[in-house]
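Have the model open as you read.

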Amino acid sequence: MVARVWSLMRFLIKGSVAGGAVYLVYDQELLGPSDKSEAALRRAEEVVPPAMYQFSQYVRKQTGLQIPQLPAPPKINFTLRESWNSGIIKVMSALSVAPTMALEYSKEGWEYVKERTK
Amino acid sequence: MSESDLGRKWDRCLADAVVKIGTGFGLGVVFSLTFFKRRMWPLAFGSGMGLGMAYSNCQHDFQAPYLLHGKYVKEQEQ
């Protein structure tokens, strides 16, 4: 009798936890269109660092321990698109002037050789 | 599609993918712990579903170049 009640209680608790998680996902529209999930990410970004800070303050007050603050992530300003684009432009312009430059260099080389053999 | 629009679309796709895979993984963890005796397959299933949903959203986004996306602006208190 007690075992059955206990297993029923366990099932209800598990069911409510799982149902709560599903409802949270539905309420916050995390699995919806990309705009909504982007907005959810932005909201989380606003809420989480102050919450972490308050939690660390609370822990410090209760236990005297100080949770070290994580350093801010480094801002990397490397634009792959810019470097790729400028690389493509450089390669293509080099290829387009290659015949002309080859002609010029071969003329110069020929003049040099002629002068040396005079 | 201009370069900046393309960049914004890619950003939105990546953010969406992160959120969806994380949500799927989280739901998988919850269900694995509550109903499926700590097996691994709900996690894989949830993450896979999230990845699939994100891919589908990205695909629609890139294939419909003239669909405008709204921005969520915080209300300014008067």
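Start in chain A, where Glu111(A) sits in helix H3, spanning residues 80–116; helices here are DSSP runs of H or I with at least four residues, strands are E runs of at least two, and both are numbered from the N terminus. A quick word on the ground rules: this is a predicted model, with local features needing pLDDT of at least 70, side-chain atom pairs counting only at pLDDT 80 or more, and totals for chains, interfaces and linings using all residues. Residues are numbered from 1 along each chain as its sequence is written, chains are lettered from A and ligands numbered from 1 in the order in which they are written, and side-chain values use heavy atoms, leaving out hydrogens and water.

Back to Glu111(A): its relative accessible area is 42%, so it counts as partly exposed (buried is under 20%, exposed over 50%, partly exposed in between, with a 1.4 Å probe and protein chains only).

Now hop over to chain B, which has two helices and zero strands. Of its 78 residues, 29% count as buried. One of the helices is H1, residues 3–34, and Val19(B) lies in it. Val19(B) counts as buried because its relative accessibility is 9%. What does Val19(B) touch, leaving aside residues up to four places away in sequence? The answer is Leu30(A), Ser37(A) and Leu41(A), where a contact means heavy atoms within 4.5 Å. Along its own chain, Val19(B) is 31 residues from Gly50(B), and their C-alpha atoms are 8.3 Å apart.
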